[in-house]
Structures are given as C-alpha cells and as structure tokens.
Amino acid sequence: MTQVLDDIFAELGLSRYLDAFVDQGFDTWDTILDIQESDLDALGVKLGHRRKLQRRIANARGIAPSVSLASVKSASEDIKSEPSRRESGRLEGGNEGHGVAKRKYRRHPKPDENAPERPPSAYVLFSNKMREDLKGQSLTFTEIAKLVGENWQNLDPAEKETYESQANAAKEKYHRDLAEYKKTPEYRRYSQYLHEFREKQAKHNKGCS
C-alpha cells in the first residue's frame, strides 16, 4: 500500500475502504483511475462514497468540478466523454472559463519498497483462482468481476472458510514480517524520509496559501 493512496483516501474520508481496495489489487492510484462500476459494487462502496472517488478520478483527468457525473456510468466512461462534459459544464455554469483551470499537481512520497507485501484477502485468493479457471473463456474484465462476486456470495461456507483460513495465516505472517521490518535500518530511513517529506509539503502548502 502506498502513501499516495493513504493520503487520497484520508482526504476523501474513505479510509475504511483502503484495505479492501489494496486487497483487490487496486494498490496504486493509476489502477484506481481505471476502476469500473462493477468493481465498486464488488468492493461494497456506498453510492455517496463512490461519487467522491469518481469525482476525484474525474478531477485527476482534468474534468472540471462543475461538470456533474452520470449516476450510472463508471469513472472510465466519464473520462471517455470528457469533451462533451466540458461543453455541458460550460453551459450549466454560465461562464465559459469557470472551473476549467488546470489542477495543481500534488506531490506524493515514494512508497516503501522494502516493506513486506500486504497479504491477499480471502476474496482475492478466491478471485485469483476463479480468474485462472476462466482464463480460456472470452469474457471481459467486468463479466469476470461479476461472476467472481456472485460465486463468492454463493460459495459453500466450508469452502469459504478454507480461503479465510489461508488469508488469516498470510495476514499473521505479514504482521510478523512487518514487526521485524520495523526494527531494520531500512524502516528507520524510510520513516525519516516520510517525516521530512511531510514537513516540506506542509511548508510549501503554507507558502502557497
């Protein structure tokens, strides 16, 4: 999990979903930029919360805040229709130049590449196996995601428990590895880097305000 996602999800008030996103493989901002509505369904993101995330994705793509998001379209579909949305945003706002200024780039700290990798959840373990089984079929990513979600919901409790046991074992190992990693010079160096980075950003933001 990167500090980038930490910051973004905290800013949006969506930190509760962060672990689920990372567990599902959405562990970088670039992957989240291409997230689909079906993925948000599978992740259990509430409608109001997904609007916040989709608005942030749209803003990252340069779409003006004054442009409304379609209630049934995915973020990627919003992005594809950017030109027409920009035009509708100008008409609705009544001011052609309103809300279309270039968005400021916000720097983010580099991730700690030495930290142990976060373990997959039971759902991800099941998803990986099912995706492997479906590999030979001509299914879209969205269709596969839907099938995985439906099969997980209807999975026999005993079989689901097997995946959950594997996930718990991996999580326990992760916490042990993380505890050991926090004793290393690499972790201390990264912590110092992170502290200095945040101080610089705080000074920069204060100077720009």
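What covers the buried residues of H8 includes helix H2 (18–23), H4, H9 and H10. Here buried means under 20% relative accessible area, exposed means over 50%, and partly exposed is in between (1.4 Å probe, protein chains only). Helices are DSSP runs (H or I, at least four residues), as are strands (E, at least two), and both are numbered from the N terminus. The model is a predicted one, in which local features need pLDDT of at least 70 and side-chain atom pairs count only at pLDDT 80 or more, while totals for chains, interfaces and linings use all residues. Residues are numbered from 1 along each chain as its sequence is written, and side-chain values use heavy atoms, with hydrogens and water left out.

The residues of H8 that end up buried are Ala122, Tyr123, Val124, Phe126, Ser127 and Met130. H8 itself has twelve residues and reaches 17 Å from its first C-alpha to its last, close to the 16 Å expected at 1.5 Å a residue. That expected span is 1.5 Å times one less than the number of residues in the helix.

One of the helices covering H8 is H10, and this pair can be described in some detail. Two packed helices are described by the angle between their axes and the distance between the axes. For H8 (residues 122–133) and H10 (residues 157–181), the angle is about 115° and the axes lie 8 Å apart. The axes are lines fitted to C-alpha atoms, for helices over the stretch in contact, and angles run from 0 to 180 degrees between N-to-C directions. H8 passes H10 in a right-handed crossing; a crossing is right-handed if the near helix is turned clockwise from the far one by less than a right angle, and left-handed if anticlockwise. On the H8 side, the contact (heavy atoms within 4.5 Å) is made by Ala122, Leu125, Phe126 and Lys129, and on the H10 side by Tyr163, Glu164, Gln166 and Ala167. These residues divide into five nonpolar, one polar and two charged. In this count, Ala, Val, Leu, Ile, Met, Phe, Trp, Tyr, Cys and Pro are nonpolar, Asp, Glu, Lys and Arg are charged, and the others, Gly among them, are polar.

Tyrosine 163, in helix H10, deserves a look of its own. At 9% relative accessibility, tyrosine 163 counts as buried. Not counting residues up to four places away in sequence, tyrosine 163 touches Ala122, Leu125, Phe126, Lys129, Trp152 and Leu155. Tyrosine 163 and tyrosine 123 are 40 residues apart in sequence, yet 7.5 Å apart in space, C-alpha to C-alpha.

Helix H10 also holds tyrosine 181, which counts as buried at 8% relative accessibility. With neighbours within four places in sequence left aside, tyrosine 181 is in contact with Asp112, Asn114, Ala115, Pro116, Glu186 and Tyr187. The C-alpha atoms of tyrosine 181 and asparagine 114 are separated by 8.4 Å, although the two are 67 residues apart along the chain.

Next comes H9 (residues 141–153). Ile144, Ala145, Val148, Gly149 and Trp152 of H9 are buried. They cover an arc of only 135° around the axis, so they sit on the same side of H9; the arc is that of the directions from the helix axis to the C-beta atoms. The buried residues of H9 pack against helix H4 (37–42), H8 and H10. Turned away from that buried side is a face with the exposed residues Lys146 and Gln153.

Helix H5 (residues 47–60) is another story. Ten of its 14 residues are buried, so H5 is largely enclosed by the rest of the structure. Among them are His49, Arg50, Arg51, Leu53 and Ile57. The 14 residues of H5 should span 20 Å at 1.5 Å a residue, in agreement with end C-alpha atoms 20 Å apart. Leucine 53, which lies in H5, counts as buried at 2% relative accessibility. Leaving out residues up to four places away in sequence, leucine 53 touches Leu12, Leu14, Phe21, Trp29, Ile32 and Leu40. Leucine 53 and phenylalanine 9 are 44 residues apart in sequence and 8.4 Å apart in space, C-alpha to C-alpha. Just after H5, glycine 62 takes a positive phi of about 95°.

As for the chain overall, the secondary structure comes to eleven helices and zero strands. Of its 209 residues, 35% count as buried. Among contacts in the chain with a separation of 6 or more, residues 24 or more positions apart account for 54%.
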